[in-house]
Amino acid sequence: MALTGSEVDAARGETGEAGGRVRVDPIRPLAVTMIVVSVLWRAQIASRGYLAADDYVLVTQSTESALTPDFLLSLYNNHFMPGGRLLTWLVTDAFGLTYWPYVLLMAAGQAVLSVAFYRLLRDLLRPSRLLLVPLGMFLFSPLTLEATSWWAVGANMLPMELSMVLALGAQLRYVRTGRKRHLLSLVLSVLLGLLFFEKALLAVPLVFLFTVCFFTDGGPVRSVLTALRRWWPSWLVLTALVGAFAAVYLGRAESSVRRPESVEEVLSFFTQLFGSTLVPGLLGGPWGWLGAGDGSPVVAPPDLGRWIAWAVFAALIVLTVKRDRRATRAWVLLGSYLILVTALLAATRLGSVFSGVAGGVPRYVSDAVVVAALCVGVALVGIARSTPSGGEPTDNESTPPAGSPAPPADAEPAAALSGVAPRAPRSEPSPAAPRSVVAAHSSRAGVIHAEAPDDPDPGPAGEPTTEPDTPLDPEQAAEPRPTAGPRPPAERAPETTAASPASRGERRPSTPPPPDWLGPVPERYREVVTAGLALLLVAAMFGTVWTTSRYGDEWAKKYGRSYLDTARIELASAPPGTVFFDTPLPSEVLSNLSWPYNYQSRFFAAAGSRPEFVTETENASILDGLGRVQVATIQGSSIVPGPQEGCGYLVTPGQTVRMPLDKPRHHWDWIVRIGYLSSTDGMAVLRFGQGSHTFPVKRGLNQRFFEITGGDDAVELTVTGSDLTLCTNEITIGDLVPKPE
C-alpha cells in the first residue's frame, strides 16, 4: 500500500534515514506556529479589556474572606469552582484589583490546552496535513474568545476543556493498550475539570460516546454493549467519581432547573443557539457582535452569513459521509454531545430573565468547540487504528491465526521507508481464525495498516466497505483513483531490505486504493472543485480574523475600567474630610443583580484607594457615573411646604410635627437630607414609617444627611431641649445624586 508524503515523513522521523539523519515532522512546526500565534493573539485581545461583572464579585469575596475550606467550597451562583476561587484569592492577595495577572493565567491555560489538543489529534488521527484543519478550527474559534479574555468565564471553561481533552486522551490510550494506569489518568483528568466547573461532568458521557463511536462496530445497541463489556473498568471508575462529586455538590447547591414560559421561547432559543451561534461560530462567524455593556458581546450574524454557514456545514457532512461512511460516527458523536449541552442549557436558562439572549451567548457552547473540532478531524482524516494490548482486538481489526509466524523485527521500519506495509507469511487458517491479517506499525504520527482485499473493514453500521484505513492527504486529491486489484509491476514498491516480505519471495496482497477526497467528483470538475474548496478555506480564515477583531473592539469598551481609573485619581486629589455614603455602583459597572456586591464599599475593597464611607454627615460627597467626586444631594420625595411663613414647619420641645411627602416611599433603605434653622444646640428624632433616626442639631442654619430604613407618605419630627425651636421646609428622602451645578 503506497504511503503519502506525510506518512513517509512521519515514519522517517521515528526510524531515521539510512545515513542516520533524522527527518523532522513537517506538521509539528506548523502546529507549534499556529499555537503560538493563537495564544499571543488572544492575549493581545484580552489585554485590551479589563475585569467585568462577575470578576468584581469574585475579587471582592476573595478580599473579604480568608483562604479556608469553607470559602473554597462555597458556591458562586450555584457554580462549584474551588480551583477558580483559589486562583482569584492568590491574585487578589498579591496584586489587589488588577487585570494583567488574569491575562497571563488565561494565556497559560490556553497554551496548555492547545498543546494537549494537538497531542490528542496526533494520537487519534491518521498522519496527514489535514490534521491542521481541526487544529486551526479549535485554536482560532471565535466561540472560545470569552474563555481567554473574561476571567470569570476562563476560570471555568479553560480547565473544563482541558479536562475533556486529557480525559479523551487517557481513554484512547487505555483502549489501545489496556494498561490500568491510564484509568488513573482518566479519573484525574475529569477531577481536574470538576474542581473548576461542575459542568465538567459532561466529560463522562463524552468519554463514553467517544469510545462507542470510534472504537466499536455494528449498530447502536451492539456498539454500546461492546463498549460496556470491553472497557467496563473505565465506566466503573467514572461512575464512582461522579457519585462522590454529586454527594459534595448536591449537598451545597440549590436547584437551578427552570421551566420555559412558552413554545415560542423554546423555538427562539434553538434558532439562536444553532442558527446564529454554533454553526456560524464553527465556520469563523458570527462576523458581527452586539455589545452587552462591560461583559462580552453576544452574536449578531447577518442573515446571509447564517444561511451560507449552514449550507457549508451541511455540505461538509454530506461530502465526508459520502466519501467514507465511517465519518457518520463522527457526526453522531458531535450531535449527541450537542444534545447534552443544549438540554442542560435549556433547563437552566429558559424561563429566566436571560432566556431572550441565552442562545446568542458563545460561552454557553464554547466546550462544544473541542468536540466539533475533534469530530471534523475524524471525518476529514480518519482514525489511526491500533490493536490494544491484552489480547482482544478492536472490532475494526483482526488478530492473526493461531500459529502464524510473526513478521521479522525489522519489517516495520523497512515497510515504512519503502511505502509497503509488512504482512505475515500466509498459513492455513483454522476454522475459527479471522479472514485477514492486519499488521500495524505504531508511531506518534499514527498507525499504518495492510489489509487483505477479501477482508473488508466493516463500516459504522456493520456494513462492509472497501476503503482502507489510510490517511488523507491533499496531495492525493488531484490523483485519479486506480481500479481495485493487483498493481502492475511498474507500480510495485521496490525492494528495500533483506528482511522485507518482497525479499523473502512472499506473495504481497493487493490492497484497495487509498481513499480519494474528490472521489465522488467527476474528473473534469476536479480542478474547479479544488479551487472552490481552497477559496472557501481562505474565506473562513478571513472571516475568523474579522470576527475576532470585531470582538476585540467590543471587549476593549470597559466602563468599569474608566470608572475605576477616574475614581482613583479623584480620590487621591480630594480634600481632607471628603466622605461618602455607601451607595450602589453605576449599573454599567455592576448591575443590581449582583447585590450586595454592587456597593462601592465592596467594589473598592481591593482597589487600594478606598473612599471613606459614613452613615451620617453634614456634607456628603458622591462619585458620579464617571467616577468624579461631586457634592451630593438627594433625589426623591420631599415634604410639601409648611404653613409658617419664613419657617415652614415650626417644631418646639415636646411636640411632634407630621410633614406629608409629595410622593410616598415604599419600605427600603433611604438617605435623608434635612435643612433647618435652630435656635440652639440639641437633638432631634425623625420617624419614617417603622424607621427612626436620632441626630444632633446645631445652632443656626445647617443641614444633615443620614441613612434610614422605612417607608410612608409622611415624616414626623420631634426635638428635645427646653429652649430649642427648629424651623424646616427642606426634608427629602431618596437616593444620593450629584448636586446640579
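## A strand hairpin and its surroundings

Strands E10 (residues 621-623) and E11 (residues 629-638) run antiparallel and are joined by three bridges. Strands, like helices, are DSSP runs numbered from the N terminus (strands: E, at least two residues; helices: H or I, at least four). Two strands pair if DSSP finds at least two bridges between them. This is a predicted model: local features need pLDDT of at least 70, side-chain atom pairs count only at pLDDT 80 or more, and totals for chains, interfaces and linings use all residues. Residues are numbered from 1 along each chain as its sequence is written, and side-chain values use heavy atoms, with hydrogens and water left out.

Ile622 has Gln630 in E11 as its bridge partner. Five residues lie between E10 and E11 in this hairpin. In the turn, Gly627 has a positive phi of about 95°. E11 also runs antiparallel to E17 (residues 726-738), with seven bridges joining them. There, Gln635 stands opposite Asp735.

| Strand pair | Direction | Bridges |
|---|---|---|
| E10 and E11 | antiparallel | three |
| E11 and E17 | antiparallel | seven |

The protein as a whole has 20 helices and 17 strands. It has 741 residues, and 52% of them are buried. Buried means under 20% relative accessible area, exposed over 50%, and partly exposed in between (1.4 Å probe, protein chains only).

Glu161 belongs to helix H8 (residues 151-177). Glu161 is buried, yet has no salt bridge. Such a bridge is a side-chain nitrogen of Lys or Arg within 4 Å of a carboxyl oxygen of Asp or Glu. The nearest side chain of opposite charge is Arg42, 7.7 Å away. For charge, Lys and Arg count as positive and Asp and Glu as negative; His and the chain ends are not counted. Beyond residues up to four places away in sequence, Glu161 touches several residues, including Leu113, Phe138 and Asp367. Contact means heavy atoms within 4.5 Å.

Arg610 sits in the loop between helix H20 (600-603) and strand E8 (613-614). Arg610 counts as partly exposed because its relative accessibility is 48%. Leaving aside neighbours within four places in sequence, Arg610 contacts Ser601, Phe604 and Ala605. The C-alpha atoms of Arg610 and Ala572 are separated by 9.5 Å, with the two residues 38 apart along the chain.

Leu195 lies in the loop between helix H9 (181-194) and helix H10 (203-215). Leu195 is partly exposed because its relative accessible area is 37%.
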